[in-house]
Amino acid sequence: MSLRVGIIGTGAISHKHAQAYANIGYKVTVCTDINEQAGRQFAEKYGAQFLPSYEDVCRHPEVDFVDVCTFPDFRLQPLKICAETGKHIQVQKPISTNLETAREMIETARRAGIQLGVVSQHRFDDSSQFLYKAIRAGRLGKILQADAYVKWYRTPEYYSRPIKGSWAVEGGGALINQAIHQVDVLRWLIGGVNELFGYWQLAALHKIESEDVVCALLRYENGATGVIQASTAFWPGYTERIEIHGTKGTAIISGDKLTTWDVRDDEGEPPPLAKDVASGASDPMAISLEPFERQFLDFGEAIRTGRPPLVSGEEGYRALEIVLAVYRSCREGVKVTLS
């Protein structure tokens, strides 16, 4: 099914989206950006029409769904217009900077009967998809420990705009912007988090108001424990890892690939072990297109059939809930219990 997409925000990530859409046969028909020159260059590059405002994109007759590639403080505004015009909407992660707005987004989309998706493409990596099935089939046994390490580096230039790493516009630093991918994948693979405790370092390296180093200790609802470690301060930047230990063995995802599968007496489909990992450890754009393509196809299928997308608004809400619970723990010095 070929779909027509309107893109709001033509910064770096929107180019990945546009390339993925071209590969799967979706057409970017219109776009907008507050920087008109950048928006017009994007439109010319991908054969789209530049429109002066986000309202125009959400109301355009040749748009089946809107893709919001802006900072996370700008989500509800376009969603409300999409609810009026009956257009589906997909937003870049995180779903929002706060749970109140995220909840309002979910309710607004539900009432309007439109699909709301959150881009969290690493669920669509071969490694994540394999592990999801393998864990449910009991191949790792009872899960004892599940960790994520996102020890990345971002340059001073990356944070040169005052809105970068700000609480109001970005919602925080390394955890909400970089490691939320791994938070989402962990929660999807292992299940909900019951309680957690966190420590952060604000502006450890960068001139930002939020955290560029943070770690949290978790207890999952199933009794497993875990660690989430996130940073943008560790030069030169290291491939992110998800490590899962069960009573029967261990699986490790490095970047987007399954790099370790040490499981006793294992039977079942062979693991997709690989070494050539793609990671945004030091370059935010050094990431693979294929998981984006798969997520956008899944969103298209959700539009066609009416089923929720794999990463729905609710799923985006749950990942944000964990992130904000870590922030609250860091801020108040308390253990936080999640509902």
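## A friendly briefing on salt bridges, cores and helix packing

A salt bridge joins the side chains of Arg-139 and Asp-266, with 3.0 Å from N to O. Arg-139 sits in the loop between α6 (126-136) and β7 (143-151), and Asp-266 sits in the loop between β13 (257-263) and α9 (290-305), so this pair ties together parts that are 127 residues apart in sequence. Please keep in mind that this is a predicted model.

**Salt bridges**

- In total, the structure holds 21 salt bridges.
- As background, side chains of opposite charge can pair when their charged atoms come close.
- Within helix α5 (residues 99-112), Glu-107 and Arg-110 lie three residues apart, about one turn of the helix.
- The side chains of Glu-107 and Arg-110 also meet in a salt bridge, at 2.6 Å from N to O.
- Glu-107 has a relative accessible area of 25% and is partly exposed, while Arg-110 reaches 54% relative accessibility and counts as exposed.
- Lys-164 and Glu-170 form a salt bridge whose closest N and O atoms are 3.3 Å apart.
- Which burial class do Glu-170 and Lys-164 fall into? Both Glu-170 and Lys-164 are buried.
- A network of salt bridges links Arg-123, Asp-184, Arg-187, Glu-315 and Arg-318.

**Nonpolar cores**

- In soluble globular proteins, nonpolar side chains tend to be buried together.
- The largest nonpolar core here has 78 residues, and Leu-131, Leu-175 and Ile-244 have the most contacts inside it.
- Helix α10 (residues 313-332) supplies the largest share of this core, ten residues.
- Another core, of 24 residues, lies apart from the largest one, and among its members are Ile-24, Tyr-26, Phe-42 and Ile-287.
- What does Ile-244 touch, leaving aside its neighbours within four places in sequence? Its contacts include Leu-131, Ile-135, Leu-140, Ile-143 and Ala-146, as well as Leu-189, Ile-190 and Ala-251.
- Gln-145, Gly-249 and Thr-250 are also among the contacts of Ile-244.

**Helix α1 against α9**

- Two packed helices are described by the angle between their axes and the distance between the axes.
- The axes of helix α1 (residues 12-24) and α9 come within 9 Å and cross at roughly 65°.
- α1 and α9 are therefore roughly perpendicular to each other, and their crossing is right-handed.
- On the α1 side, the contact is made by Ile-13, Lys-16, His-17, Ala-20, Tyr-21, Asn-23 and Ile-24.
- On the α9 side, Phe-292, Glu-293, Phe-296 and Leu-297 take part.
- Buried residues in α1 are Ile-13, Ser-14, Lys-16, His-17, Ala-18, Ala-20, Tyr-21 and Ile-24.
- Gly-25 follows α1 and has a positive phi, near 85°.

**Helix α6 against α8**

- α6 packs with helix α8 (residues 180-190) at an angle of about 25°, and the axes are 9 Å apart.
- How are α6 and α8 oriented to each other? They are roughly parallel, because the angle is about 25° and angles under 35 degrees count as such.
- From α6, the residues Ser-128, Gln-129, Leu-131, Tyr-132, Ile-135 and Arg-136 meet Val-185, Trp-188, Leu-189 and Ile-190 of α8.

**Single residues worth a look**

- Gln-92 lies in strand β5 (residues 88-92) and counts as buried at 7% relative accessibility.
- Not counting residues up to four places away in sequence, Gln-92 touches Ile-13, His-17, Val-68, Cys-69, Arg-75 and Val-119.
- Asn-177 belongs to helix α7 (residues 174-177), and its relative accessibility of 9% makes it buried.
- Asn-177 touches Lys-93, Pro-94, Glu-170 and Gly-172, again not counting residues up to four places away in sequence.
- Pro-156 lies in the loop between β7 and α7 and is exposed, with a relative accessible area of 52%.
- From C-alpha to C-alpha, Pro-156 and Ile-208 are 9.8 Å apart in space, and they are 52 residues apart in sequence.

Methods. Residues are numbered from 1 along each chain as its sequence is written. This is a predicted model: local features need pLDDT of at least 70, side-chain atom pairs count only at pLDDT 80 or more; totals for chains, interfaces and linings use all residues. Side-chain values use heavy atoms; hydrogens and water are left out. A salt bridge is a side-chain nitrogen of Lys or Arg within 4 Å of a carboxyl oxygen of Asp or Glu. Helices (H or I, at least four residues) and strands (E, at least two) are DSSP runs, numbered from the N terminus. Buried means under 20% relative accessible area, exposed over 50%, partly exposed in between (1.4 Å probe, protein chains only). A nonpolar core is a set of buried Ala, Val, Leu, Ile, Met, Phe, Trp, Tyr and Cys residues joined through side-chain atoms within 4.5 Å. Contact means heavy atoms within 4.5 Å. Axes are lines fitted to C-alpha atoms, for helices over the stretch in contact, and angles run from 0 to 180 degrees between N-to-C directions. Angles under 35 degrees count as roughly parallel, over 145 as roughly antiparallel, 65 to 115 as roughly perpendicular and the rest as oblique. A crossing is left-handed if the near helix is turned anticlockwise from the far one by less than a right angle, and right-handed if clockwise.
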